[in-house]
Every structure is written in C-alpha cells, then in structure tokens.
Amino acid sequence: MACLSASSSSSSGKSTTTMISSLLKPTQHHRTLTCCLFLVIYLTWLPVSAKQGSLKEVTDGNWEEILAGEWMIEFYAPWCPACQQLQTVWKEFADWGEDMGVNIAKVDVTEQPGLSGRFIITSLPTIYHCKDGVFRKYQGARTKDDFLSFVDEQKWRAVEPISSWFGPSSFLMNSMSALFKLSMFIRRCHNYMTDKLGIPVWGSYVIFGLATLFSGLALGLLLVFIADYVFPSRRFSSHDYYQKKQSMEQARLIQRQEDEHMADGEEDDDEEEEEEDQDDVWRRRRGSPEGRPEPKGQGFPDEALRKRVVANREVEEEEEEDS
C-alpha cells in the first residue's frame, strides 16, 4: 500500500510540474509577442514624429530658399490670439506637406522684422503661397481641408499674383526690409538706453535726433562729392576753360577802361561847352574893342578874345585910378 501511495504521489507530482510548465510556455510566448507588438508600434510612430517636424521656419538668413519650389508660409506673432488658434491647424496641415510635395513654413514677425517689411505684413496671421518665386496672398478659410484643397486642386491659379515691383526680391522691398530692420534696431537701442542705462525717454529722443541730423549731413556731403566725381561740370572739365575765363576778364577790363575814357571825354566836352557859353556871354557884354558889337560870322579865336578882355580890364582900372 505504501508503494502504491508513493507511486501515486510521484505521478501526481509529475502531472503538476507538467501543468506548470505548460502554463509557463504560453507566458513566454506572450512576452515575445508583446515585445514585437511594442516594436512595431514604435516603428510605426517614427514617421509620424518626422512629419510633425516638417514645419519649417523661415528667417532673414534663409528666406531665398522659398524662391524655388512650392511653399505655403504663415506670418504670425506669439502674442496674437488668432495666430495662436491657427497654430494647431497649421501643424496638422504641415503633416501633409511632404505627401503633397509642398513646403509648409512659418515666420515669427517679432524675430524677423526684415521679412515683415519685405512682405508688407499689415495684419496677422497672413498666409502666402509661393510657386517658383511667384507669390500670391491666401484669402480663403483657415481650416486644414481648405488649405489642402487650395494646394491639391491648384486653386491658387485663380488668385492674382503679386506684382514684380512689390515682390520680396525687388529693390523696393529690399529697401523696405532694410528700413524695418533699422526701426527694430533703433527700438532695441531705445529700450537699452532707457531700461539698462537709466536715460530718460526725452534724453533718448534727443540723442536719436542729433544722430539723425549729423548722419543726414554726412550723407548729403558724401553724395555731393560722389556726384561731382562721377558727373563733373562740363565747363570745369574743359581744357581751355581757364583761358576763356582769363580772356573774358581782360575783355571786361578793357571795356571798363573804355567806358571810363568815354566818361572823361564827355566831362571834357561839357567843360568846353561851358567855357564857350561863357565866352559868348563876354562877347555879348563887351563887344568889339572899339565898343561896337562884333558882326556875326567875324569872330576871333578864344585866346585873342581873352587877351582883349584882359586888356580892356586893365585900361578901365587905369582910368579909374587916374580919375
């Protein structure tokens, strides 16, 4: 009986270990399957995370990249409520950009003032479509489906493109970009002087006013020198200019001398006329030496007449003394 009980106990033990081993084997298989499942899920999620990083950021340094290919660009500001609402939709739209062959990008106007001036951003958010350097402003609804249909169905062809004069690569927009950068630089300098250095606001304005005045004077002087160097005056560039100038001065001097000589001659003529008038008066008063008036047409020379007048005076004086 003892042997039977021992054999039965041994057989029951074997059956128990068999059952335990059978239970353990499926557990290992489950672990393997679970690991494989997690691996598949991980590998599946990798492309999705890559798509989420497909949203590009355009700056003043790399903006020329948008001139090639097809782009959808959003101009936003972090403080703008409408821009904050659009961010989620824009990221979802960016996930489809790689499949559609479109580059989805964004521009922070607070960090990129040059692009804000280059595209003349007057409202936020502003969306532009670019195809091989031709820009069009998006005016449709701001949902993911509308963005997809705008690109996929090529609805952008119905939108009038921006003129080349106002294109971001034109000279006018380059100037606007430089102006916006300068304004942002001035603003930062103003904030630095008022916040860091403790200069009052009116003092900062005075500093910028003087800087503007002196820079304008210096720039104007430089432009004058450049203009004189590039486009010199024709009269000064002529070789015989100084010879002509000297001859003209000589001619003026000669003309002045002639005028003075003529004036002197006229004065002499006036004096002679006055003397002649006086002689005529003497002739009328005194008449001839015999006391008779001179007949007309029988006059004497001036010297002889003067001698006769002097002689008559002497005679009269002698008679008065004798008397």
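Before I turn to the structure, one definition: a residue is called buried when its relative accessible area is under 20%, exposed when that area is over 50%, and partly exposed in between, using a 1.4 Å probe and protein chains only. What we are looking at is a predicted model, in which local features need a pLDDT of at least 70 and side-chain atom pairs count only at pLDDT 80 or more, while totals for chains, interfaces and linings use all residues. Residues are numbered from 1 along each chain as its sequence is written, and side-chain values use heavy atoms, with hydrogens and water left out.

Helix α6 covers residues 171-196, which is 26 residues, and it reaches 37 Å from its first C-alpha to its last. That is close to the expected 38 Å, the expected span being 1.5 Å times one less than the number of residues. Its buried residues are Met173, Ser177, Met184, His190, Met193 and Thr194, and among the elements that cover them are α4 and α7 (201-230), judged by contact, meaning heavy atoms within 4.5 Å. After α6 comes Gly198, with a positive phi near 75 degrees.

For residues 206-231, an unreviewed UniProt entry lists a "transmembrane region"; positions are given in the numbering used here, feature names are shortened, and such annotations may be inferred rather than shown by experiment. In the model this span is 96% helix and 0% strand, with its end C-alpha atoms 37 Å apart.

Now to the loop between α4 (113-118) and β4 (126-131), where Pro125 is found. The peptide bond from Leu124 to Pro125 is cis, with omega near -10 degrees. Ile120 is found in the loop between α4 and β4 as well, and it has a positive phi of about 50 degrees although it is not a glycine; Ile120 is partly exposed, at a relative accessible area of 38%. Asp132, in the loop between β4 and β5 (134-137), is another residue other than glycine with a positive phi, near 55 degrees.

Finally, how many disulfides are there? Counting a disulfide as a pair of cysteine sulfur atoms within 2.5 Å, the total is zero. For Cys83, the closest cysteine sulfur is that of Cys80, and at 3.1 Å it is too far for a bond. Cys83 is buried, at 1% relative accessibility, whereas Cys189 is partly exposed, at 23%.

How values were computed: Helix = DSSP H or I, 4+ residues; strand = E, 2+ residues; numbered from the N terminus.
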